[in-house]
Amino acid sequence: MIELQNVTKRFGRKKVLNGVSFTVNKGEITSLIGINGVGKTTTLKAILGLTPIQSGSILIDGEKLNKNSYDKITFIPDAITVPPKMTIHEAMVFMNDFYHSWNQTRADELLTFFKLDKGDQVSELSKGNVAKVNLLLGLCLDVDYILMDEPFSGIDIFSREQIAEVFTSRLVEDRGVLITTHEINDIEHLIDKVVLMDNGTVLKEFHTEEIRLTEGKSVVDVMREVYQP
Ligand SMILES: Nc1ncnc2c1ncn2[C@@H]1O[C@H](COP(=O)(O)OP(=O)(O)OP(=O)(O)O)[C@@H](O)[C@H]1O
């Protein structure tokens with residue numbers, strides 16, 4: 001489990017995270033939802049130790065972030081980070097050299113699933129295919145937790161559907177996934193848990209199935225109540 005307890009983060013005098021607490025469980029897809037600038041990306045970076053926090057704590061399986069944590073967790077940013085001159089094949093070799101958790105069998109499966117050609121250069125791919133390669137590079141690390149920043153932004157509906165399908169497959173299965181998004185329409189049917197953020201705070205954390213069964217509400221219904229009371 002990833003556990004955030006009362007996390008605060010400031011950039012200069014600006015308080016960007018103001019006591020953020022929530023959990024991400026293995027075997028669940030959790031979506032961190034909120035409009036632009038509420039602190040979603042900062043939260044992901046804080047979990048990964050990419051940005052220091054001022055107070056509060058972040059525990060991964062009960063431990064503070066340490067060098068071994070990076071064997072458990074991966075971050076898929078909203079833009080691809082491998083050099084664009086690389087072919088998909090070279091990007092995979094690079095990942096294999098860099099991470100001992102790289103799983104080439106899974107990478108080959110995903111290449112086929114996404115109908116990608118590993119000889120293609122990243123800079124020459126369409127935006128949707130770049131997003132798929134980006135996802136592939138992160139998902140093929142055998143880690144317990146996957147953090148994704150806006151995996152669907154700027155991608156056409158068919159690619160979005162294809163990417164969404166990956167979330168229901170055994171490629172994700174028993175891992176803990178945290179996805180940030182402004183749009184939940186694409187993934188509402190996939191997510192187990194929602195964390196609604198506004199202004200650096202968590203307004204509500206709930207399980208989608210539970211709220212559907214007990215209150216008959218969809219995620220969008222709850223969002224309307226919380227954001228437009
Ligand atoms: N390095 C930085 N220096 C100063 N301010 C920053 C920095 N990074 C983020 N911020 C500010 O922190 C706030 C939260 O940013 P963050 O990127 O976490 O929001 P977000 O919810 O992910 O937004 P978006 O949906 O647009 O990606 C914003 O007001 C942003 O301007």
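**Entry 1**

I began with strand E1 (residues 2-11) and strand E2 (residues 14-24), which pair in the antiparallel sense over 8 bridges. The model is predicted, and I read every entry here with that in mind. I looked up the partner of Phe11 and found Lys14 in E2. E1 and E2 make a hairpin with 2 residues between them. Gly12 sits in the turn and has a positive phi of about 60 degrees.

I then asked which other strand pairs with E1. Strand E4 (residues 55-60) does, in the antiparallel sense and over 5 bridges. For Thr8 the bridge partner in E4 is Ser55.

**Entry 1: the open sheet**

Next I traced the sheet of 6 strands. This sheet is open, its pairing is mixed, and I noted the order as E6-E7-E8-E3-E9-E10. Strand E6 (73-76) and strand E10 (201-207) are the edge strands, each pairing on one side only. From one strand to the next I have an average twist of 15 degrees.

I followed the E6 end of the order. E6 pairs with strand E7 (residues 145-149) in the parallel sense, over 4 bridges. Two pairs went into my notes: Thr74 stands opposite Ile146 in E7, and Ile76 stands opposite Met148 in E7. E7 also runs parallel to E8, with 5 bridges joining them. There Leu147 stands opposite Leu178 in E8.

**Entry 2: strand E7 and its cover**

Are the residues of E7 buried or exposed? I found E7 mostly covered, with 5 of its 5 residues buried. Tyr145, Leu147 and Asp149 point one way from E7, while Ile146 and Met148 point the other way. Asp149 is buried along with the rest.

Helix H1 (residues 40-47) lies across strand E3 (29-33), E6, E7, strand E8 (176-181) and strand E9 (193-198). H1 runs at about 150 degrees to E7.

I came back to Leu147 and listed its contacts, leaving aside neighbours within four places in sequence. Leu44, Ile47 and Leu48 are among them. The list also includes Ile73, Phe75 and Ile76, together with Leu178. Leu178 is the residue already noted opposite Leu147 in E8.

The largest nonpolar core has 56 residues. Leu136, Leu147 and Val195 have the most contacts inside this core. Which helix gives the most to the core? Helix H4 (residues 127-139) does, with 6 residues. The core draws at least three residues from each of domain 1 and domain 2. As a general remark, nonpolar side chains tend to be buried together in soluble globular proteins.

**Entry 3: the two domains**

Last I looked at how the chain is divided. Domain 1 takes in 1-72 + 145-151 + 173-229, and domain 2 is 76-143. Their C-alpha centres lie 25 Å apart. How many residues of domain 1 are in contact with domain 2? I have 9 residues of domain 1 in contact with 9 residues of domain 2. On the side of domain 1 that touches domain 2, I count 5 nonpolar residues, 4 charged and no polar.

How values were computed:
Residues are numbered from 1 along each chain as its sequence is written. This is a predicted model: local features need pLDDT of at least 70, side-chain atom pairs count only at pLDDT 80 or more; totals for chains, interfaces and linings use all residues. A nonpolar core is a set of buried Ala, Val, Leu, Ile, Met, Phe, Trp, Tyr and Cys residues joined through C-beta atoms within 7 Å. A residue is buried if 20 or more other C-beta atoms lie within 10 Å of its own, exposed if 12 or fewer, and partly exposed in between; C-beta atoms are placed from the backbone. Domain bounds come from an automatic or database domain assignment. Two residues are in contact if their C-beta atoms, placed from the backbone, lie within 7 Å. Two strands pair if DSSP finds at least two bridges between them. Axes are lines fitted to C-alpha atoms, for helices over the stretch in contact, and angles run from 0 to 180 degrees between N-to-C directions. Ala, Val, Leu, Ile, Met, Phe, Trp, Tyr, Cys and Pro count as nonpolar, Asp, Glu, Lys and Arg as charged, and the others, Gly among them, as polar.
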